Amino acid sequence: MDSTLLLNGREVDFRPGQTILEVAEAHAVRIPTLCHLARTGPTATCRICVVELLDSDILVPACATPANAGMDVRTDSKRVKTARQEILRLLIARGHHDCPVCDQGGECTLQDLVHEYGLEHVPMTEPPRDSPPEYATSLIRYWPERCVLCYRCVSACRDYKHIGAIDIQGAGNQGRVVAVNPDICEACGECLLACPTGALTENLSRFKYRTWLADRVSSTCPFCGCGCQMEINVHKNRVVGITSHEDVGSNQGSLCVQGRFGYEFIADADRLTRPLIRKNGVLQEAGWEEALHYIADHLQTIRNDFGADSIAGLTSTSCTNEEAYLFQRFMRTAIGTNNVDSSARDGHWKTLAGLKNSLGLPGMTASIHDLYKARTILVAASDTTREHPVYANTLLEAVHQQEARLLVLDAESTSLAQRAEIWLQPQPGTETDLVNGLLACILEENLGDQAFISTQTSGLEALKTSLAGLTPDVVSSRTGVPEEKLRKAAALYAQARPGATLFGSEMKGISQKTALVQSLINLTLACGHLGREGGGLYPLAAGGNAQGVCDHGVLPDFFPGYQDLSRNEIRQKFMNTWNVNRLPETPGLTRTAMFEQAQAGKLRGLYLLGDNPLDFDLHPAPDPGAVEQALRKLSFLVVQDIFLTETALMADVILPGACFAEKNGTLTSSERLVQRVRKALNPPGEARDDQRILMDLARSMGASMDFASPGAILEEIAGINPLMAGISYPRIDRRGIAWPCPNARHPGTSRLYAEGFQNTPAAFFTGANTA
């Protein structure tokens with residue numbers, strides 16, 4: 001039951017356990033802070049948040065003082081203001097705060113407070129003559145003379161990120177932030193985000209600009225599937241920094257090292273700036289019209305001589321939703337083939353295929369913040385702290401602050417494995433056996449959610465038959481996991497409800513990825529973890545738009561929205577929208593099959609949008625030499641990219657495209673959130689927006705595919721893809737919407753299956769006898 005207190009003479013309610021600061025924030029009463037970091041709890045070091053309690057002789061810090069019924073709190077009395085002025089004088093006097101030259105001038109909380117409380121002159125220490133101390137990462141510079149020892153950076157690193165690379169050593173004027181464990185620093189910049197002064201500044205952008213000179217453009221980070229929201233800082237058509245806000249996006253201001261510091265490639269001198277055509281064996285610069293007509297002539301010749309299916313197209317997972325949609329439409333209409341796929345084929349699509357086969361919708365079943373309500377979290381075959389560090393922040397918060405129980409199933413030793421309550425370490429290649437063993441144990445000991453199984457699933461008896469013989473001792477001998485540990489993990493996952501299961505899309509070293517995912521789905525269904533807050537399945541996309549590329553039809557067997565291209569009524573709907581008389585009916589080639597067919601001499605032409613098959617670090621191949629040989633056997637290779645990649649060096653034509661900061665569009669995160677990407681600067685030289693290139697190339701081939709803007713492309717997508725029907729640029733201008741979103745009034749669906757499986761029960765996968 002809520003209690004009440006007086007806040008500046010007004011009676012307000014509060015919940016037990018709230019601090020005075022939290023009560024004030026809940027009732028729109030501002031109390032200034034410097035050291036307070038909401039994510040990690042109070043430190044009460046700066047004391048700037050002091051408030052007066054009527055009839056009390058002392059002032060108390062609002063951030064650390066629990067609210068009590070009947071309190072009479074004054075946040076802006078004369079006594080409070082005088083105390084805050086004196087606190088500010090002491091903080092300033094211990095350092096040297098030279099605002100005119102400080103990188104944070106104009107964006108410094110301390111500077112704002114000095115102005116707010118009317119301090120005109122405070123004697124400061126002499127400026128330091130020594131070299132600045134070395135910080136935990138070279139990407140950030142530490143200025144001890146600007147530091148007020150608020151502990152926010154330390155708390156962010158130790159208590160939020162759970163790393164502990166930095167600490168404060170020394171007392172008073174001798175106190176310093178020092179790198180106590182620099183080897184474990186992730187260079188994520190969480191400390192930089194937390195710093196309220198100019199004590200921590202970015203080393204990449206020092207002195208390139210002043211904060212008030214930069215244009216700030218809100219956008220979405222393109223580097224992984226977390227979909228982090230950020231601001232691109234631009235000065236004189238150059239990206240000079242990346243900033244973020246703690247109250248924006250599911251990342252809440254957090255970014256990883258790549259998201260915060262990985263922007264200098266945008267201005268790299270090696271960017272492609274003009275089209276290139278191979279003439280007499282040498283790549284030579286050409287004009288756009290020449291290059292587009294050259295491509296159109298060669299593709300039309302191949303199609304006329306060998307058929308449309310002798311041509312194929314591949315995209316990367318970095319392209320926007322609009323580009324993905326245009327690309328598959330181009331291949332299906334201008335070329336006339338379903339030979340279209342992406343670099344998500346052997347990664348994220350393997351996980352989505354399992355979800356689609358068993359549950360119906362190929363996507364994460366809940367939002368990442370649902371993890372805060374999980375009682376058990378199973379992480380399977382995912383090095384989440386390395387591959388999705390911002391999602392790992394939420395996961396670790398759930399474990400350390402919400403007391404979720406952490407299970408890790410991984411053959412490799414990862415950071416999360418070392419933190420887990422139970423680490424199941426199977427022999428490589430036996431991960432699916434281990435998951436099936438956990439499931440068999442749960443069913444045998446009747447630990448599952450019987451009500452959920454009986455009302456929401458089908459195929460239980462067939463599943464039990466497929467698991468026959470998978471006793472704990474058999475599973476232990478196969479996997480190397482002790483029988484006792486297996487039983488303990490099964491009981492914990494089944495009984496500590498709700499439970500969340502996270503799994504990566506890379507799953508390196510695991511050949512049967514879809515089978516593992518389907519076994520994890522079976523495990524989740526048997527325990528009834530789907531559709532409820534805190535439970536669910538969390539496929540983590542490695543590529544920045546791996547989810548969106550699949551959503552928008554860059555698949556050889558599905559139209560956008562995972563609509564079956566073999567169905568006549570579906571094909572007719574797309575023919576009407578695209579204004580064509582026919583569309584190919586048979587599924588096209590997958591990415592792997594494309595290279596096999598090229599090697600056999602049956603695939604003649606290949607169009608690559610941002611894809612670099614010869615980057616084997618990004619795209620591991622069983623036989624790298626075979627991929628290169630396949631590319632060499634092609635009659636015609638087109639590469640559209642921003643750099644002269646290994647694959648581009650083999651191309652017949654190269655088209656210079658734009659990077660994420662140079663175009664408008666949308667990306668879809670692992671959470672199925674469709675979010676804006678905004679143009680912050682112009683591409684270099686004659687490079688063009690990739691959407692424009694696709695439309696211009698279609699026009700050169702006599703196909704109609706013209707749109708006035710990316711928003712118009714999304715409007716067409718909404719009209720033809722039921723999952724996206726209610727999503728438009730105006731609706732996602734400030735925050736993203738999760739599909740399915742059936743109409744313009746629908747808020748989107750952050751948690752799937754919350755109302756159960758309405759039409760068809762979820763099917764247990766029994767594709768093979770696992771015993």
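What share of the contacts in the protein with a separation of 6 or more is accounted for by residues 24 or more positions apart? In this predicted model, such residues account for 69% of those contacts. The protein has 771 residues, and its radius of gyration of 29 Å agrees with the value near 28 Å that a compact globule with this number of residues would have.

**Overall fold and dimensions**
- The chain forms 24 helices and 31 strands.
- Along its principal axes, the C-alpha trace of the protein spans about 90 × 70 × 50 Å.

**Surface, burial and charge**
- Of the 771 residues, 60% count as buried, while the protein exposes about 30,900 Å², of which carbon and sulfur atoms supply 47%.
- The protein carries 72 positive and 88 negative side chains, and the centres of these two sets lie 2 Å apart.

**A look at one residue, M507**
- M507 is found in a loop, which runs between strand 21 (499–504) and helix 18 (513–526).
- With a relative accessible area of 2%, M507 is buried, because residues count as buried when this value is under 20%.
- When its neighbours within four places in sequence are left aside, M507 is in contact with T351, A381, K513, L516 and V517.
- Although M507 and H348 are 159 residues apart along the chain, their C-alpha atoms are separated by 9.6 Å.

Technical notes:
Residues are numbered from 1 along each chain as its sequence is written. This is a predicted model: local features need pLDDT of at least 70, side-chain atom pairs count only at pLDDT 80 or more; totals for chains, interfaces and linings use all residues. Side-chain values use heavy atoms; hydrogens and water are left out. Helices (H or I, at least four residues) and strands (E, at least two) are DSSP runs, numbered from the N terminus. The radius of gyration is taken over C-alpha atoms; the globule rule is 2.2 Å times the number of residues to the power 0.38. Buried means under 20% relative accessible area, exposed over 50%, partly exposed in between (1.4 Å probe, protein chains only). Contact means heavy atoms within 4.5 Å. Accessible areas come from the Shrake-Rupley method with a 1.4 Å probe; for residues, only the protein chains shown count as cover. Lys and Arg count as positive and Asp and Glu as negative; His and the chain ends are not counted. The place of a charge is taken as NZ of Lys, CZ of Arg, CG of Asp or CD of Glu.
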